[in-house]
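Here are some exercises to work through with the structure open beside you. Try each task yourself before you read its solution.

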Amino acid sequence: MTTPTQDPPAPAPDAGAPPAVQLVGIVKRFPGVVANRDVNLRVAPATIHAIVGENGAGKSTLMKILYGMQAPDEGTISVAGEQVSFKSPNDAIDAGIGMVHQHFMLADNLTVIENIVLGYEPRRSFPLNFLVDTAAARKRIIELGQRYGLAVDPDVLVETLGVGQRQRVEILKVLFRGATTLILDEPTAVLVPQEVDELFANLRDLKREGITILFISHKLDEVLAASDDITVIRAGATVATAKPADVTTKELAELMVGSELPSPETRASTVTDQVELSVQGLGIAEIGLRPTLDGISFDIHRGEIVGIAGIEGNGQTELIAAILGLIDLNAGTVRLGDQDITAWPTRRRREAGIGYVPEDRHRHALLLDAPLWENEILGHQSGPPNVKGPWIDRAGARERTREIVERFDVRTPNIDVRAEALSGGNQQKLIIGRELMAEPQVMIAAHPTRGVDVGAQAAIWEQLKEARRNGLATLLISADLEELIGLSDRLLVIFEGRVVAELDPATATPTALGEHMTGSNRREDA
Amino acid sequence: MIRRITMALAAPVLAIAFAMVVSAIMLALTDYSAGDVFHVIFTEGFDRTNLVTTVNRAAPYYISGVAVAIGFKMNLFNIGVEGQYKLAALFAAAAAAAVELPAPLHVLFTFAVAMLVGAAWASIPALLKAYRGVSEVISSIMLNATALGVGAFFIQRWLRAPASESPVLGTKTIPESGRLPTLNGVLGAVGIDVPDATRVQSYVLVAAVVGVAYYLLIWRSRYGFDLRATGSNAEAAAASGVNAKRMIITAMLLSGAAAGLIGLNNVMGPAARYTDVSVVTGLGFTGIAIALLGRNNPVGIAFAALLWAFMDAVQTPLSNADLPKQITAIMQGITVLSVVIAYEVVRRISARQELSGLRREVTAGGAGLPPADPPSPTGAGPEVAPA
């Protein structure tokens, strides 16, 4: 019925049941920023409704408002036709709205039952009402599981469950509290493609049973595959609604961004046969535990980008730490050019030309309370232009910072602003600029465009490609499969600390990658 | 720029004002006249003798503040300054009394011994922290108690002057060449007249040198950058190549070395020897308050030390006027407590101003601005200074 429209959705002319959830004219301001400026949302009961938008478009704020974690400054919320005002998530739960967070909130050392009832324990009848009625809880969980197709063994410890099953527990937890409307925040971010399919099957079962589902995503293929209605949010306002049948991913993306989409594509090969970084047989293990790195070997050549695909927590962090010298190795060697750097301390490695863009810029790349020019020094405090002898060269560092701001389009009023005042994208551009301007031999780029907006993403991709043309050897670690396939010359899949596959990005598909990432196609000789 | 300075001054000024108000209330409750007390503080407090006392007392406070601040800049809490300076003063005095050297060398030698001893005592919590993960707060505070025992043991056993020389338990007397001169002569020569009864101790110059060294080391040197980076974000610093263990150890040693100089004012000055009374107790703990008050800033610490010393010094005119001198200790305490709160309040206000400054810029950039995480400036507009 409704085709993509640039107007906020008019109250749809569907008669009968009132919308499960309706938001009208929601405005939410934070100091200095309007997170939501005009959000209108109408979710029909027993449908799957997707909310799509870029990072920072205001999706999360919207969800927090809907879940009672934040109060809107203006606008109204109605649930099943009745206007409500939530003061806390408890109010939202009482109104039948439940939230499944992107990062699971489960206690590993408790069983599924315990996790589900936590904070909402059914009590035994008087006088034993100080005891949890585990039997009743178990019965109810099994019932819910059967009804909605979310079967999970209620008595196993959560730590033994995989990601997909943990998500089911999260969903059960919300249903257990009587939710009839589920909010799922980026539910597929942590899943591999196969698990995504299962999740969507579950969601359809839930819908059939009358549950309304709101899910937030920026993965458009999934949105088109799974949802009944789509609302696009851009710069804090709902800008369009659509039916999946009526739009393509490209159209959706353009609605999200408001312009044409960039792509990470990099084809013409610049790979040489000169090895810049070589790791051989890297192993890290603690006694009694599964090794976190197990015999990892690869070379990166001058002008080459080697992509590492893998579900987070399969050894990527340790691999980076091993190359940077931040962790002790049990086995293996690291060579930079023709030097064995295995025993070198981190500083010497960085001085020798290893650049580093960490995955978590706030934790590993920035001094948030320091000005930009001091942040420019970080990681390069051993030589020009930042240092003269034992002293910091303020003039040199400031000059270099100004160059970075200009060349890498860091949007900032000046270089004395504290790093925390910049937006994520601009912080990231500063970091990329700082690392590339130092002209490293080898660059470790971990999730270089995570959490940055599309404009900054395109700029960062362009910079990485240009550096590759100029001979930089790059190790790219990313969770964004499109980015990996688009930028890499060669793809390695890492699973449980081992390289389990090597793929040619020209032929690799996200599905194939996903299979390797879950370890279902393990390569023997890796 | 002016605005930034105003903001920096706002917190301590607010705190002091608040402390004065509370003190006035306390005085009123105890039937004293706040007017009389403040009258004495603001008149006699500023007479020349009292100001000399203030400066003399401020010097060890300053060095103590710097010693603590070196740790603070790296998120290390060297609460063991107290023990470090006492042991350092004892051994430095004993060493100074045991050697014969020409005057400037003798003084420098004594300083060196003091710094070495302070650093050595600080090395215990440093090594424990770096290699065993022991909290430096726990180990250094326990070492304060240990330092007292160790000092007493050494002085009883080996370092005491024979009873025939002095009935008071202490080291031998430091010869003239190892003592710090007064500055009265120099000041007199440049036309500043200081009453003969009060000495302007040249130890003040030691504090000044420590301050300059602290500034250059922490704010201008590579080492200082590493140290501040570690304090601000240890993980990012490690990724940038800073060796965390080495930083913990060196920062603690530097803090201890600075601490070593705290107790020498009297030992190398009027008393000319170490006794239980020639070294004031508590300077190390006061240093914590002063570093907090001065926000670890070399100039800020100087003001804090002077303020603290002034409130000490004004006790004499207060008791001469039969007014409760304890009121200044109350003011010191309240100032520290309220300054912590005031800094936080001012920090929030200035952060808000910075944001709204950036926001003005953003909104000026037009309506089609890209989406932004809160709080984030996105416009590339004209240069707008942050608050």
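**Exercise 1.** Describe how helix H3 (residues 48-72) of chain B and H13(B) cross.

*Solution.* Step 1: two packed helices are described by the angle between their axes and the distance between the axes. Step 2: in this predicted model, the two axes come within 7 Å and cross at roughly 70°; axes are lines fitted to C-alpha atoms, for helices over the stretch in contact, and angles run from 0 to 180 degrees between N-to-C directions. Step 3: H3(B) is therefore roughly perpendicular to H13(B) (under 35 degrees is roughly parallel, over 145 roughly antiparallel, 65 to 115 roughly perpendicular, and the rest oblique). Step 4: residues of H3(B) in the contact include Tyr61(B), Val68(B) and Phe72(B), and those of H13(B) include Leu283(B), Ile288(B) and Leu292(B). Contact means heavy atoms within 4.5 Å. Helices are DSSP runs (H or I, at least four residues), as are strands (E, at least two), numbered from the N terminus.

A note on conventions: residues are numbered from 1 along each chain as its sequence is written, chains are lettered from A and ligands numbered from 1 in the order in which they are written, and side-chain values use heavy atoms, with hydrogens and water left out. Because this is a predicted model, local features need pLDDT of at least 70 and side-chain atom pairs count only at pLDDT 80 or more, while totals for chains, interfaces and linings use all residues.

**Exercise 2.** Find where Ser278(B) lies, and decide whether Ser278(B) is buried or exposed.

*Solution.* Step 1: look in the loop between helix H12 (264-267) and helix H13 (283-293) of chain B, where Ser278(B) is found. Step 2: Ser278(B) has a relative accessible area of 4%, so this residue is buried (buried is under 20% relative accessible area, exposed over 50%, partly exposed in between, with a 1.4 Å probe and protein chains only). Step 3: leaving aside neighbours within four places in sequence, Ser278(B) is in contact with Asn266(B), Val267(B), Ala271(B) and Arg273(B).

**Exercise 3.** Which residues does Trp121(B) touch, not counting residues up to four places away in sequence?

*Solution.* Step 1: go to helix H5 (residues 103-132) of chain B, which holds Trp121(B). Step 2: check accessibility; Trp121(B) counts as buried because the value is 13%. Step 3: list the partners, which are Gly83(B), Gln84(B), Leu87(B), Leu143(B), Thr146(B), Ala147(B) and Val150(B).

**Exercise 4.** How many helices and strands does chain B have?

*Solution.* Step 1: count the elements: chain B has 16 helices and 0 strands.
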